[in-house]
Amino acid sequence: MKFSLNWLKEYVTISITTEELVNKLVMAGHEVEEIIELGHELKNVIAGKIISIEKHPDADKLVITQISDGTTDHQIVTGANNINVGDIVPVAIPGAVLHKGFKIKASKLRGVPSNGMLCSETELGLAESSNGIWILDKETPVGVDFIAYASIQDTILDVSILPNRGDCQSVYGLARELSVVLNTPLKKLETTLTLTDSSSTLSFSNEGKEFCDRYTGRIIRNIKKVDTPLKIKRFLQGMGVGSINMVVDITNYVLLETGQPLHAFDLSHVNGHDVSCKKANAKEKITGLDSKTYELSTEDYVIAINGKAQAVAGLIGGNESSVNESTADIFLEAANFFPVSIRKAQQRHGLRTESSIRFEKGTDIEAVERASERAAHLYQKYAGAVVESLTIDYKKEGVSSSSSIKFAYKDINQLIGLNLSNQDIDNPLIKLGFEIENDRVFVPSWRVRDCIDWPCLAEEVLRINGFDGVPSVLPLETVIPSKKERKRELRDLISDFMISNGFNQVVSFPMISPKVAVNQDLVIKNPISLEASVMRVDIQPELLRITEHNLKRQQENLKLFEVGKGFSLVNNQPKDTVFCEGICTGALFGKSYQKNVSKIKGDDYFIIKGLLLACLKQTGFNLEFLSEEDVDESELIESSLKNKGDDSNSYIPGKHTYLTVNKKVIGEFGILHPNFLDTYDISDEVAYFKLNISVLAKLNVEVATYRPFSKFPSTRRDIALVIPKSLAFEKIERFVESNKPRTLKKTFIFDVFESEKIGSENRSLGLAFVYQNDKKTLEDKDVNRAHDKLSEKLLKEFNLSTR
Amino acid sequence: MKTQLESIQKFSHDSILGAKTSIDLDLVKSRTLGKSSDFNGLMKMLATIPKEERPEMGKLINTVKNELEILINKKQKDLLKSERESSLATQKIDSSLPGVEFPVGTKHPITQTIERITEILGRIGFDTKEGTEIETDFYNFEALNIKEDHPARDMHDTFYLNTDHVLRTHTSPAQIHEMESNSPPIKIIVPGQVFRCDSDVTHSPVFHQIEGLYVNKKVSFAELKGTLSFFINELFGTTPIRFRPSYFPFTEPSSEIDVQCVMCQGKGCNVCGHTGWLEILGAGMVNREVFKSVGYNPDEVQGFAFGVGVERIAMLMHGINDIRLFYENDRRFLEQF
């Protein structure tokens with residue numbers, strides 16, 4: 001909320017610099033978001049009286065004026081056409097500086113000397129645009145320093161008022177706070193009145209007992225048609241409120257000043273009728289002061305005259321009964337409404353007004369009558385109005401303006417961690433308006449909604465005394481942290497492995513576009529954009545979007561991974577699953593001038609396969625692979641690898657494998673299908689993997705048991721097999737495993753190649769067999785016997801030949 | 001015969017020292033000590049001299065032979081060493097050529113920042129826990145003393161789901177879960193993603209917070225101050241900090257904590273909005289209403305809670321000026337951390 005410093009100074013003396021003041025406010029919990037200096041560059045503008053206006057001899061659109069400053073006359077040429085002899089106007093004399101640093105000096109206009117400029121509000125920085133020269137009130141003293149006279153120079157503080165401090169949403173409220181912070185007295189609001197007895201009796205009925213605690217109405221007559229005093233206009237303007245007319249300006253002024261919303265009805269619509277605060281009729285319509293029509297419901301509270309809604313209570317006045325340019329007699333309403341209802345009404349109608357934002361945080365019930373008196377005082381002072389005593393003075397039975405809290409000094413000290421004297425606790429509270437009686441504190445009427453339990457007293461003491469005196473102490477009691485959660489431990493281990501192997505970790509949003517979502521189980525009702533409106537079931541869509549982003553920016557050979565959550569709906573309850581997913585495009589090792597390294601470039605499928613095996617091995621798991629055909633759909637759903645409504649296969653058939661640990665499916669990997677990648681505008685080959693960390697975390701890892709290894713040398717025998725491409729290596733592997741001699745320790749592939757020489761339907765597989773005995777050095781003849789037997793069996797089993 | 005021995009000794013000695021390469025030396029060795037060597041000839045001649053002279057002569061021959069053998073071995077070592085040196089000298093490489101490119105991965109700056117923070121707080125006994133992103137209104141608001149029509153809900157631009165859930169607007173719901181399932185003492189931190197419908201250079205609809213909670217029989221604001229001062233000093237080094245009053249429905253008293261701007265050292269700059277201070281933490285003493293909502297007796301327990309914005313810290317530490325960079329995940333960004 002914006003505050004005019006000049007206005008604040010009406011109630012408290014501020015003798016420190018703006019910077020110091022801002023610091024004091026911030027340290028009392030009122031953050032200052034912006035400091036706006038108004039009119040500080042203005043110089044040499046006076047109020048001048050127009051003595052004569054003559055035609056310019058050489059220009060149709062210009063006139064020559066003589067302006068008096070009370071002692072001397074100034075000749076000024078102007079293009080203005082809204083001026084008359086006798087008008088008092090702001091005059092910039094030579095040497096003047098106007099808005100935006102515009103400098104005025106003596107010059108000639110079409111040959112006629114001109115010593116200054118007549119000003120509009122725009123040139124003084126007071127309005128965005130204006131219709132001609134600013135014609136001032138006839139009472140304005142001629143020759144006066146107009147910048148000071150009109151309070152044009154001001155400092156506006158944009159203060160962020162905390163949600164619990166509705167009492168500071170007014171100039172007087174913040175001044176009250178400042179008087180405590182600055183330790184200076186707070187001036188009283190001037191409300192002296194000459195009262196006339198109420199001329200009529202108006203009935204008031206409150207049908208909204210839970211809504212309206214207090215309602216007052218006052219008749220004010222004969223408000224003269226006068227201009228709103230310049231100072232009031234300036235103050236309103238400084239706080240961002242435009243001037244409309246005297247009647248309305250005063251209600252706005254008092255609202256900003258006291259925080260108590262007021263509403264002025266044209267008396268002719270109220271007099272002699274019944275006023276009530278009641279629920280609106282269903283579908284009742286009202287046109288507001290903003291000329292918009294609001295359809296009301298039985299949830300809405302209205303102020304009705306003869307049963308017809310004339311204002312949405314606390315929110316906006318109705319157009320029909322509002323004051324207009326000719327209004328001289330008004331019915332002035334000041335009331336107190338229930339914050340929660342106002343808040344709901346704001347939401348229902350999508351409307352926040354200067355009134356409603358104050359009511360929603362709770363207004364001071366004591367301020368109702370004071371604000372009514374203050375406005376009446378101003379009408380009387382500036383517009384000679386006849387003010388009647390309250391015609392309606394309703395206060396709900398049992399409503400109390402104060403509350404009390406039971407407290408103990410030692411509790412406050414203990415909570416803060418200090419040992420303050422009772423006086424050190426009392427002083428700030430008393431300054432803030434609290435009253436202390438033994439073990440009870442009485443809360444001032446403007447703080448009753450905020451101060452409910454005793455810790456708020458500690459807060460007030462800290463706020464006013466400052467935090468600097470509070471010692472810094474580390475909690476002494478030892479609380480032993482528990483072991484890292486398994487899920488967390490695994491994601492850290494796997495992340496570290498991926499990073500060590502050249503993967504860049506990414507972090508993405510869990511909300512995705514419906515275009516790439518497999519289902520719409522969890523949808524955001526109020527998304528910022530449709531592109532981020534569905535909760536993802538896994539990380540893939542985001543990871544591919546990031547891949548696309550990078551590929552389009554010439555970032556090749558990508559290796560990216562993310563550890564994050566996917567969300568699903570199980571038995572109508574949201575469930576999250578932690579995944580580690582990654583992509584690899586191009587070479588694992590990048591391009592290198594070192595040939596032996598770049599040779600590894602190539603088959604991403606096998607790179608990922610090896611990577612995952614190593615990753616899981618390092619994490620303590622024995623990873624096994626399961627082909628697409630051998631897996632059950634139910635297993636996939638259980639492991640969150642397949643989701644309801646997801647029939648697509650994002651991988652290339654035959655280049656897609658599932659991962660298992662202890663027979664449990666824990667993930668998958670493969671090469672993504674180009675058709676699938678079209679959605680993302682990716683044309684590169686992309687290898688993808690996905691590990692379900694939530695499932696992995698539930699699996700046991702056994703503590704390793706030592707097995708002695710042979711001390712004797714091993715012997716290797718190789719076979720180069722020519723095998724049909726249709727024969728999967730795993731079949732050979734399994735056969736060897738189940739037929740291996742006791743001394744066979746290891747089998748591995750040392751070469752795979754395809755060539756015309758062996759036929760395009762075949763490939764050559766170089767297999768190495770390593771033999772070793774635990775108790776002695778193997779002799780050649782023993783090795784040969786075992787190896788020959790095995791290879792004979794192998795060739796026979798699959799009907800193979802050697803090369 | 002003695003003369004003959006001496007001449008052989010001299011000749012051999014000279015040949016050994018004169019050998020230029022290890023191959024030359026091998027020749028000398030076989031000529032001197034091999035089967036058809038002069039020494040062997042001498043040994044055969046031994047049978048021709050008088051019997052009584054034989055032992056002495058034999059001994060003498062052996063001594064000379066041994067000496068030569070030692071000499072050869074020594075010479076051999078010297079030659080091999082110098083030959084290796086000269087061979088190495090010819091195998092020069094350009095040592096300034098770049099090394100083989102090993103894959104270098106990177107940890108996302110947000111992860112790094114979370115790890116830095118949890119490590120510091122872990123040292124003073126805070127246990128890292130995990131919360132859930134999808135929450136009910138009760139955990140995200142009600143239990144934290146943010147009732148349905150509380151104006152503080154305006155501070156939270158909430159995303160609502162089609163089910164009766166919200167995306168958590170802060171990590172504070174984790175406090176409630178923790179207190180519901182455990183009894184004091186509780187000392188936890190909960191890092192995680194949070195969500196607000198808000199998006200510009202400094203606001204992202206998704207960002208990260210770290211929640212802290214300490215609950216015990218008696219806990220004071222002084223302990224909150226001590227804990228956060230320790231944390232900030234470990235994170236930023238010894239730098240001025242200030243506590244200023246604030247408001248959160250779930251704490252009372254509440255405070256926000258600023259560090260002196262790390263960019264301008266408090267002089268005032270664009271980063272700190274010319275205030276010289278940067279707000280990095282919100283904190284306070286757990287509101288008694290919160291204890292009531294988890295079934296604790298507020299007269300028997302006290303606690304403090306705090307929340308840190310991870311992106312804010314990461315931006316300050318690394319000089320990142322646009323929060324969206326974290327989520328764009330451009331490799332040229334990721335590779336810098």
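Colleague: Is A:Leu109 buried, exposed or partly exposed?
Modeller: A:Leu109 is partly exposed, because 16 other C-beta atoms lie within 10 Å and a buried residue would need 20 or more. Keep in mind that this is a predicted model.

Colleague: Where does A:Leu109 sit, then?
Modeller: In strand 7 of chain A, which covers residues 107-109.

Colleague: And which residues does A:Leu109 touch, beyond those up to four places away in sequence?
Modeller: A:Leu62, A:Val77 and A:Ser114. A:Glu20 is another matter: its C-alpha atom and that of A:Leu109 are separated by 48 Å. Those two are 89 residues apart along the chain.

Colleague: New topic. How many residues are in the largest nonpolar core?
Modeller: It has 204 residues. A:Val302, A:Val312, A:Ile330 and A:Tyr379 have the most contacts inside it.

Colleague: What is A:Val302 in contact with, leaving aside neighbours within four places in sequence?
Modeller: Among others, A:Lys278, A:Ala280, A:Leu296 and A:Val312. Another core, of 27 residues, lies apart from the largest one. A:Val89 and A:Leu124 are among its residues.

Colleague: Now helices. At what angle do helix 5 and helix 6 of chain A cross?
Modeller: Roughly 55°, and their axes come within 10 Å. That angle makes helix 5 of chain A oblique to helix 6 of chain A. The crossing is left-handed.

Colleague: Which residues make that contact?
Modeller: Helix 5 of chain A brings A:Ile232, A:Phe235 and A:Leu236. Helix 6 of chain A brings A:Asp249, A:Asn252 and A:Tyr253. By class, four are nonpolar, one is polar and one is charged.

Colleague: What about helix 6 and helix 10 of chain A, at what angle do they pack?
Modeller: About 140°, with the axes 10 Å apart. The contact includes A:Ile250 and A:Val254 from helix 6 of chain A, and A:Leu378 and A:Tyr379 from helix 10 of chain A. It has nine nonpolar, two polar and two charged residues.

Colleague: Last one. How many residues of chain A are in contact with chain B?
Modeller: 73 residues of chain A, which meet 67 residues of chain B. Helix 13 of chain A, residues 455-465, gives the largest share of the chain A side, with six residues. That side has 39 nonpolar, 20 polar and 14 charged residues.

Terms used:
Residues are numbered from 1 along each chain as its sequence is written. Chains are lettered from A and ligands numbered from 1 in the order in which they are written. This is a predicted model: local features need pLDDT of at least 70, side-chain atom pairs count only at pLDDT 80 or more; totals for chains, interfaces and linings use all residues. Two residues are in contact if their C-beta atoms, placed from the backbone, lie within 7 Å. Helices (H or I, at least four residues) and strands (E, at least two) are DSSP runs, numbered from the N terminus. Ala, Val, Leu, Ile, Met, Phe, Trp, Tyr, Cys and Pro count as nonpolar, Asp, Glu, Lys and Arg as charged, and the others, Gly among them, as polar. Axes are lines fitted to C-alpha atoms, for helices over the stretch in contact, and angles run from 0 to 180 degrees between N-to-C directions. Angles under 35 degrees count as roughly parallel, over 145 as roughly antiparallel, 65 to 115 as roughly perpendicular and the rest as oblique. A crossing is left-handed if the near helix is turned anticlockwise from the far one by less than a right angle, and right-handed if clockwise. A nonpolar core is a set of buried Ala, Val, Leu, Ile, Met, Phe, Trp, Tyr and Cys residues joined through C-beta atoms within 7 Å. A residue is buried if 20 or more other C-beta atoms lie within 10 Å of its own, exposed if 12 or fewer, and partly exposed in between; C-beta atoms are placed from the backbone.
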